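Student: I am new to this structure and would like to go through it in questions and answers. Could we start once it is on the screen?

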Amino acid sequence: MFTGIVETIGTVTSLVALDETATGGGGTSLTISNAACILDDCHLGDSIAVNGSSTSKNPYLPRLFATGTCLTVTEFDKDSFKVGVAPETLRRTNLGDLKVGMGVNLERAVAGHVRFGGHFVQVRCALPRYSRELRSRRSPWINVESLELIYGGGCYVLTITQGHVDTTAEIVSKTPDGNALTCRFHPRDPAVLTYIVEKGYITLDGASLTITAVNDEEQWFEVMLVAYTQEKIVIPGKAIGDSVNVEVDMAGKYIEKQVKAHLEKGLETGGLLEKMIQEAVEKALRK
């Protein structure tokens, strides 16, 4: 689980399509350097997010977040680490487009005792073991009682960035606005615009950003990068036509699915919708 607040920018050292070494596993591997500041507590099998897709090996192990995609560490030293990249990850994300020397956003997985400074994107950090840890730590930044009040007892749900990429988006414009930078994106899959709303939040290449404008008809959305953010993430350095990984709010997907299911059941004979219509008609006739 991640917040989308980038800790540092790493550098792509290699991207091997067929890595037959012991740590490559006979598949695609990616090695990132200039990452010493986030590797002090790294272990083999930890998950690192690289451009937005998650392939976590062990949900209880610490994770890293590299430009939005969560991947499993197979090798590391003091300054660099290697991760395996699954075929599904290559299909969903822009990892296959990375080149040696390119920068990537890096973030370690959030711990239960730190501030959630980004935004909440994806649902469920509801492991009983993790919940007990939150309760026992009584973190000054995480109000366990409030979580229980909102979401119900026994299962505390922290909706945060998980590193599961939904699609990619193309940068179609970058417009300076004072010392800020407005970036417009066209998603490869326009269906994700259903879950993108003005003043809502989105994860782009692993960075937590606020949406400033959306146009469903023309199929684009915009974010504004303040000066500080421009210095901390890789998007400002990308060119028009480059792609970013996109992760949208999973809660919206759950709500949509539940509403559709209820509506479909309501259309059945004796269903909820039929009963509501009958009651409305009877009420009108009584008048």
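Student: Which residue forms a salt bridge with lysine 238?

Tutor: This is a predicted model, so every value here is computed from its atoms. The closest N and O atoms of the pair are 2.6 Å apart, and a salt bridge needs them within 4 Å. The partner of lysine 238 is aspartate 205.

Student: How many residues apart in sequence are the parts that this pair ties together?

Tutor: Lysine 238 lies in the loop between helix 4 (227-232) and strand 13, while aspartate 205 lies in the loop between strand 10 (201-204) and strand 11. The pair therefore ties together parts whose separation in sequence is 33 residues.

Student: Is aspartate 205 buried or exposed?

Tutor: Buried means under 20% relative accessible area. Lysine 238 has 12% and counts as buried. Aspartate 205 has a relative accessible area of 0%, so aspartate 205 is buried.

Student: Which residues are linked in a network of salt bridges?

Tutor: The count of salt bridges comes to 6. In one of them, the side chains of aspartate 19 and lysine 82 meet at 3.0 Å, N to O. Aspartate 19 lies in strand 1 (residues 8-19) and lysine 82 in strand 6 (residues 81-85), so this pair ties together parts 63 residues apart in sequence. The network links Asp19, Glu75 and Lys82.

Student: What separates lysine 260 and glutamate 256 in helix 5?

Tutor: These two residues form a salt bridge, with the closest N and O atoms 3.9 Å apart. Lysine 260 is partly exposed at 47% relative accessibility, and glutamate 256 is partly exposed at 27%. Because they are 4 residues apart in helix 5 (residues 250-266), their separation is about one helical turn.

Student: In what order do the 6 strands close into a barrel?

Tutor: The pairing in the barrel is antiparallel. Neighbouring strands of this sheet are turned by 45° against each other on average, direction ignored. Strand 8 (residues 167-177) is joined by 4 bridges to strand 13 (residues 243-247), and by 8 bridges to strand 9. The order is 8-9-12-11-10-13.

Student: Which residue takes a positive phi in the hairpin of strand 8 and strand 9?

Tutor: Aspartate 177 has alanine 180, in strand 9, as its bridge partner. The hairpin has 2 residues between the strands. The residue with a positive phi, near 65°, is glycine 178.

Student: Which residue forms an aromatic pair with phenylalanine 185?

Tutor: The count comes to 1 aromatic pair. Its rings are 5.4 Å centre to centre with 25° between the planes, and the pair is stacked. Phenylalanine 185 lies in strand 9 (residues 180-187) and its partner in strand 12, so the pair ties together parts 36 residues apart in sequence. That partner is phenylalanine 221.

Student: What is the bridge partner of valine 214 in strand 12?

Tutor: Strand 11 (residues 207-215) and strand 12 (residues 220-225) pair in the antiparallel sense over 4 bridges. Valine 214 has as its bridge partner phenylalanine 221.

Student: Over the ring of which residue does the charged end of arginine 184 sit?

Tutor: A charge sits over a ring if it is within 6 Å of the ring centre and within 35 degrees of the ring normal. The charged end of arginine 184 is 3.6 Å from the centre of the ring it sits over. That ring belongs to tryptophan 220.

Conventions
Residues are numbered from 1 along each chain as its sequence is written. This is a predicted model: local features need pLDDT of at least 70, side-chain atom pairs count only at pLDDT 80 or more; totals for chains, interfaces and linings use all residues. Side-chain values use heavy atoms; hydrogens and water are left out. Two strands pair if DSSP finds at least two bridges between them. Axes are lines fitted to C-alpha atoms, for helices over the stretch in contact, and angles run from 0 to 180 degrees between N-to-C directions. Rings of Phe, Tyr and Trp (its six-membered ring) pair if their centres lie within 6.5 Å; planes under 30 degrees apart count as stacked, over 60 as edge-to-face and the rest as tilted. Buried means under 20% relative accessible area, exposed over 50%, partly exposed in between (1.4 Å probe, protein chains only).
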